[in-house]
Amino acid sequence: MLNYLPLAALFICMQLSGAYLRYLPFAAETTEGRRRLFCRCTILWSFLSFVATILVLWQTRLHPGGYKLLVAALPLPYFFIAWRVLGGPFWAHLFILGMQYLWALALHTVVAIGEGLWLKDMTDGKILFCHPLFYLVLFLLTFPFAGRMFRQLLPSIRPFANRKIGLTLSLLPLSIFIGLMLPIADAAVLHSLKVQLSRISIPLFLIIMYRSVSRGALEADARREEEHRQKLLEAQAAFLREQERLLRQSQREADRLADTVRNDYRRLDGYLAAGDMRAALQFIESKEGELKNSRPLPAFTTHSIVNAALTVYSERAKASGLSLRCRINLPPRLEVDEHEFATLLANLLENAIQAAAPVAKKREITLSIRYRGSTMALELVNPTSSPLLLDAKGLPVAAKRNHGLGMASLSAFMKKYDAYADFTQEGDTVRFLLYCNGE
Amino acid sequence: MGVIRIGIVDDELIDLVTAERFLRQVLKEQYPKEAAALKIDTFSRSEDIIAVFEPGMYDLLIMDIYMTGLSGLDAAEVIRGRDREVSIIFLTGSDEHLMAGYRVFADGYFIKPLYDHKEEFEETLRYVFPKLVERYKELTVEMGGLTVSIPYRNIRYIDIDHRHQVCLHTAGENISISSASYEECRQILLADKRFLECHHRILVNMDAIKAMKADDFILEDGEKIPISQRRKKEAKAKYMHYMVHR
């Protein structure tokens with residue numbers, strides 16, 4: 001049994017290399033605490049599976065069928081550990097598992113081709129013993145390429161936002177792997193060169209195609225982000241101009257009111273001097289009605305740019321027949337950049353107004369912001385007539401082309417300030433919550 | 001039940017007296033038990049209350065918006081900077097300053113003259129007063145044959161200790177209770193909106209949370225309370241909602 005110790009150790013190293021590749025797509029989003037927990041669970045499981053591997057290899061006396069089954073089945077517990085500990089949607093982990101299986105199959109096949117060419121005089125037992133070592137060497141040699149590829153592997157394309165379609169698409173690499181594995185699930189150690197070459201071509205083709213497509217998608221995303229940034233700046237300039245217009249309008253209104261008040265004082269003075277109390281009281285009553293209808297621009301907050309955004313969108317909501325209720329409590333000094341925050345609010349409110357506009361009932365949007373120390377929480381509630389589709393990051397997917405400006409700005413804001421956002425839909429109401437810790 | 005302390009600030013003597021009389025009358029009618037344990041202080045200038053105000057001094061402040069000298073709104077900003085818990089209601093001649101009032105997260109406003117707007121006064125009080133009473137809620141437990149009441153606001157979190165007993169982590173000490181099960185405490189405390197079960201057998205008082213991180217809540221004293229992976233979305237959403245609406 002102890003003879004299988006080195007082989008079992010190499011098996012575990014193979015599994016750990018695969019587990020590491022499968023961790024890379026999630027690495028950027030994983031917290032330190034989750035990373036440590038993932039490492040602990042992986043190492044613990046590796047000890048247990050090391051013992052199990054020795055037993056299986058010893059019991060099967062290094063039978064090629066049992067050997068291949070071990071290679072295929074051992075990654076599965078690591079997959080479950082990654083899914084439970086790292087979090088993220090199940091379809092994403094399934095997709096990554098399938099792609100890693102295909103990459104591993106490609107490496108195993110290249111090693112097998114080499115063994116067929118240069119080690120064909122060796123016994124099957126010795127080949128099986130050396131195979132994991134050659135695999136690991138090839139893994140290390142190809143890691144710079146594989147590491148880069150796996151880091152960018154997770155797609156953020158819209159089809160995955162739909163659960164059924166997402167799950168189906170994520171099963172594609174796994175089903176190709178199973179299709180390629182079934183014909184070689186036998187007792188042969190090495191197959192013919194023709195079979196090996198055909199086995200390697202499909203996964204390599206899929207990986208290269210996927211890489212080209214996702215690179216193209218990333219470039220398209222980068223272009224869209226740049227366009228969004230431009231639009232954000234334009235939107236910001238637009239609402240500042242609108243705020244300026246509203247302020248000028250308000251100023252003209254205030255000047256007109258001042259003139260009116262002066263005239264009214266003169267008239268009232270005249271009534272009082274003539275002793276006509278009845279006329280004076282009637283006049284005052286008529287003026288009270290006028291005053292009630294004259295409202296200054298609301299001051300939501302002392303931060304002028306944020307106030308500009310809220311004022312503009314309050315007017316836009318009114319123009320769409322919606323009411324915007326705001327409860328804004330911001331600290332005297334914002335922990336985030338005021339321009340970015342105002343732009344974010346503008347985009348969120350724009351989305352909320354667009355979603356609420358077609359709704360016949362409950363035509364009210366509420367925005368509440370509250371801070372506590374250096375932390376801030378925001379809640380935006382609006383009615384909607386369409387279902388909310390969320391992508392892998394939990395952000396809404398744009399329903400139309402050239403939309404999604406708000407989510408791009410939210411995504412950038414969350415990344416910069418390590419903020420947390422949550423979208424939920426209950427019936428015809430969407431609730432958005434945002435938390436920002438200024439520290 | 002503790003004494004409920006209310007401060008009224010108005011530079012018009014008649015409005016000040018009216019507000020106090022009105023408040024006592026309505027509370028006596030609607031909350032007779034709490035009205036018996038009521039202490040009301042009056043101030044004729046914002047500067048006077050700012051000079052003496054300390055955190056926890058009042059449960060509710062009723063402040064006129066327009067006063068000579070420092071306005072009620074500006075005074076409320078200073079007070080809110082010192083005490084984020086105190087409820088604030090503004091006294092105003094119209095509702096056009098409501099928006100500005102939310103800058104200090106005012107709980108509402110009373111429109112003057114109060115006797116002409118009694119219904120709105122009672123409605124605002126019905127919204128605000130139960131929140132004040134809630135602050136004095138207590139958890140009653142049996143400990144060593146004695147009945148002990150622990151104010152909810154002193155409980156930072158509850159979990160199970162190494163002897164599988166319920167452990168109350170309060171501001172001053174950790175108290176183990178053998179007479180109550182976690183499930184019993186859970187049912188009582190989850191009925192109060194302050195408490196959240198963020199992990200298996202851990203109930204945290206959201207008022208004691210200083211910050212929310214990716215996987216933990218950080219309490220005021222720096223202690224970390226883990227958030228379970230399974231409950232993460234729900235727990236974080238509840239905390240954010242509570243933070244906005246507390």
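This is a predicted model: local features need pLDDT of at least 70, side-chain atom pairs count only at pLDDT 80 or more; totals for chains, interfaces and linings use all residues.

Residues are numbered from 1 along each chain as its sequence is written, chains are lettered from A and ligands numbered from 1 in the order in which they are written, and side-chain values use heavy atoms, with hydrogens and water left out.

**Chain B overall**

Chain B contains 8 helices and 15 strands; these are DSSP runs numbered from the N terminus, with helices (H or I) of at least four residues and strands (E) of at least two. Of its 246 residues, 52% count as buried. Buried stands for under 20% relative accessible area, exposed for over 50%, and partly exposed for values in between (1.4 Å probe, protein chains only). Among the contacts in chain B with a separation of 6 or more, 53% are between residues 24 or more positions apart, a contact being heavy atoms within 4.5 Å. Carbon and sulfur atoms hold 51% of the accessible surface of chain B, which comes to about 11,500 Å². Accessible areas come from the Shrake-Rupley method with a 1.4 Å probe, and for residues only the protein chains shown count as cover.

**Salt bridges**

A salt bridge is a side-chain nitrogen of Lys or Arg within 4 Å of a carboxyl oxygen of Asp or Glu. By this rule there are 30 salt bridges over all chains. Three of them are listed here.

| Pair | N to O distance |
|---|---|
| Lys416(A) and Glu340(A) | 2.9 Å |
| Asp15(B) and Lys112(B) | 3.1 Å |
| Arg24(B) and Glu20(B) | 3.3 Å |

The Lys416(A)–Glu340(A) pair has an N to O distance of 2.9 Å and links helix H13 (residues 405–417) with helix H12 (residues 338–356) of chain A, its two residues being 76 residues apart. Lys416(A) is exposed at 53% relative accessible area, and Glu340(A) is partly exposed at 29%.

In chain B, Asp15(B) and Lys112(B) form a salt bridge. Asp15(B) lies in helix H1 (residues 13–30) and Lys112(B) in the loop between strand S5 (108–111) and helix H6 (118–134), so the pair ties together parts that are 97 residues apart in sequence. Asp15(B) is partly exposed, with 24% relative accessibility.

Arg24(B) and Glu20(B) are both in helix H1 of chain B; they are separated by about one helical turn because they are 4 residues apart. Arg24(B) is partly exposed at 36% relative accessible area, and Glu20(B) is partly exposed at 22%. Salt bridges with shared partners also join Asp10(B), Asp15(B), Asp64(B) and Lys112(B) into one network.
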